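Dear colleague,

Please find below the structure that I am handing over to you.

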Amino acid sequence: MEKGKFIVLEGLDGSGKGTQAGLLVEEMKRQGRRVYLTAEPTSSSTGGMLRDALGGFVGRDAYELSALFLADRIFHNANSINGIKKYIDSGTDVICDRYYYSSFAYQGIDADLKWVMDMNLNCAEIMRPDLCIFLDISPEAGEKRINDNRFDREIYENVQSQKRIRDRFFEVFCLLKDRENIKIVDASRTVAEVSADIIKIYNELKEN
Ligand code: TYD
């Protein structure tokens, strides 16, 4: 049986990943594909610990956070109920809102980047995506979207952190250019324009 495609959407907070993931799902279904939409952190108990830390309710250092994200990601890939591997093997496409690139960019600033990368990239239980689409916006634009849409703030959601995180994403994409399929999309445009680009990239992936 043909395997499903594993597609990750990445971007700064406020980059529109959730909206764009939903639109891509609609298009894929329209094309008759089976698709499973998921996100990290997951809704597992480890995901709950991560949400508490991200909300600032529990203090954890970057190494602890990296290890928790790793545990959550292993569960996300390998669990036998709704694990990513199970879907891919049964021919269903998977779209994931954030994945290990976020660990590199967010935790890889205060924890050693090489350590964070090695433990994710060398873990046999963690699948390599067929495609990562990075929705690129300026930290200031992301800040504005967060202000317009939300009350509460997570620990990384300030312009200064987002600037460092965006730089780290680009550094990491350079380091990974020979082993990963990463496409950068200008997400400062209208929802429809960004979505059209994402669908074009998805269609190209299917043809390969
Ligand atoms: P986000 O996509 O903003 O989810 P929501 O809109 O539900 O808040 O992701 C939550 C936060 O998790 C975001 O600030 C980035 C962070 N994160 C990491 O720091 N490392 C990781 O490995 C992942 C997957 C997410």
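In this predicted model, the side chain of Ser 103 places an N or O atom 2.5 Å from an oxygen atom of the ligand. On its own the ligand has 550 Å² of accessible area, of which the protein covers 85%.

The ligand is surrounded by 15 residues, and the closest of them are Lys 17, Arg 73, Arg 98, Ser 103 and Gln 107. By class, this shell comprises 8 charged, 4 nonpolar and 3 polar residues. Helix 2 (45-54), helix 3 (62-78) and helix 5 (100-107) each give two or more residues to the shell; helix 5 gives the most, with 4 residues.

The space that the ligand takes is the largest pocket, the volume of which is about 700 Å³. This pocket is lined by 35 residues, and Asp 13, Gly 14, Lys 17, Asp 97 and Arg 98 are the closest to its centre. Two or more lining residues come from each of helix 1 (17-30), helix 2, helix 3, helix 5, helix 7 (139-149) and helix 9 (191-207). The lining divides into 12 charged, 12 nonpolar and 11 polar residues.

Yours sincerely

Note on methods: Residues numbered from 1 in each chain as written. Predicted model: local features only at pLDDT ≥ 70, side-chain atom pairs only at ≥ 80, totals over all residues. Heavy atoms only, no water. Near = heavy atom within 4 Å. Polar contact = N/O pair within 3.5 Å; in protein donor to acceptor, adjacent residues only side chain to side chain. Areas by Shrake-Rupley, 256 points an atom, 1.4 Å probe, with all protein chains shown as cover. 1 Å grid on protein atoms, 1.4 Å probe; cavity = no way out; pocket = protein on both sides within 12 Å on 5 of 7 lines; lining within 4 Å. Sits in = over half its atoms within 2 Å of the grid points. Nonpolar A, V, L, I, M, F, W, Y, C, P; charged D, E, K, R; others polar. Points joined across faces, edges and corners; volume = space filled by probe spheres on them.
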